[in-house]
Amino acid sequence: PASGVLLIQGQRVVFTDEGDGLYRRRIVTGEEAGQGRVHIHEGLTPGMRIVTNGSLLLQQLFDRASTNHHRATGDPALAMTLTDRTGS
């Protein structure tokens, strides 16, 4: 679904759910397919689970974590793990 695709600095980006609270941002290429769908040509493989609701929130969290990670390590690559902070 198109709701899972963000346009960030001119690039189409999706978040994949890697399991256990791990999310990875991936650059993809594709085109609008109509009716709220996007046809992805590159950047994903069959079976990957795509975040379709909450992508913008993940992007904001990812930007914050990525900036902190890059400052601390000099490495721009990052996968982000989200944990339940409520204790439940």
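The mean pLDDT of the protein is 81. A value of 70 or more is reached by 75% of the residues. Confidence is highest in strand β4, residues 37–42, where the mean is 93. Confidence is lowest in strand β5, residues 80–81, where the mean is 57. Over residues 83–88, pLDDT stays under 50. For these residues the model has zero contacts beyond four places in sequence. Where pLDDT is low, the predicted coordinates should not be read in detail.

The protein has one helix and five strands. Read from the N terminus, the order of elements is β-β-β-β-α-β. The helix, α1, spans residues 55–73. The protein has 88 residues, and 23% of them are buried. The exposed surface comes to about 6100 Å². Carbon and sulfur atoms supply 49% of that surface. Contacts also reach along the chain. Among those between residues at least 6 apart in sequence, 42% join residues at least 24 apart.

Strand pairing was examined next. Strands β1 and β2 run antiparallel and are joined by three bridges. One of the bridge partners is clear by name: I8 pairs with Q11 in β2. The two strands form a hairpin, with two residues between them. Strand β1 covers residues 6–8, and β2 covers residues 11–19. Strands β2 and β3 also run antiparallel, and seven bridges join them. Here V13 has I27 in β3 as its bridge partner. Strand β3 covers residues 22–34. These two strands likewise form a hairpin with two residues between the strands.

Most residues other than glycine have a negative phi. Q9 is not a glycine, yet its phi is positive, at about 50°. Q9 lies in the loop between β1 and β2, in the turn of that hairpin. D20 is also a residue other than glycine, and its phi is near 55°. D20 lies in the loop between β2 and β3. Q9 has a relative accessibility of 80%, so Q9 counts as exposed. D20 has a relative accessible area of 83%, so D20 is exposed too.

The interior was examined through its nonpolar residues. In soluble globular proteins, nonpolar side chains tend to be buried together. In this model, the largest nonpolar core has six residues. They are L6, F15, Y23, V51, L58 and F62. L6 makes contacts on several sides of the sequence. Leaving out residues up to four places away, L6 touches Q11, R12, V13, F15, S55, L56 and Q59. The core member F15 is therefore among the contacts of L6.

The structure holds one aromatic pair. It is formed by F15 and F62, and its geometry is edge-to-face.

Not counting residues up to four places away in sequence, S55 touches S3, G4, L6 and F15. Two of these contacts, L6 and F15, belong to the largest nonpolar core.

G34 is found in strand β3. Its relative accessibility is 34%, so G34 counts as partly exposed. G34 and P1 are 33 residues apart along the chain. Their C-alpha atoms are separated by 9.9 Å.

Key. Residues are numbered from 1 along each chain as its sequence is written. Side-chain values use heavy atoms; hydrogens and water are left out. pLDDT is the predictor's confidence in each residue, from 0 to 100. Helices (H or I, at least four residues) and strands (E, at least two) are DSSP runs, numbered from the N terminus. Contact means heavy atoms within 4.5 Å. Buried means under 20% relative accessible area, exposed over 50%, partly exposed in between (1.4 Å probe, protein chains only). A nonpolar core is a set of buried Ala, Val, Leu, Ile, Met, Phe, Trp, Tyr and Cys residues joined through side-chain atoms within 4.5 Å. Accessible areas come from the Shrake-Rupley method with a 1.4 Å probe; for residues, only the protein chains shown count as cover. Two strands pair if DSSP finds at least two bridges between them. Rings of Phe, Tyr and Trp (its six-membered ring) pair if their centres lie within 6.5 Å; planes under 30 degrees apart count as stacked, over 60 as edge-to-face and the rest as tilted.
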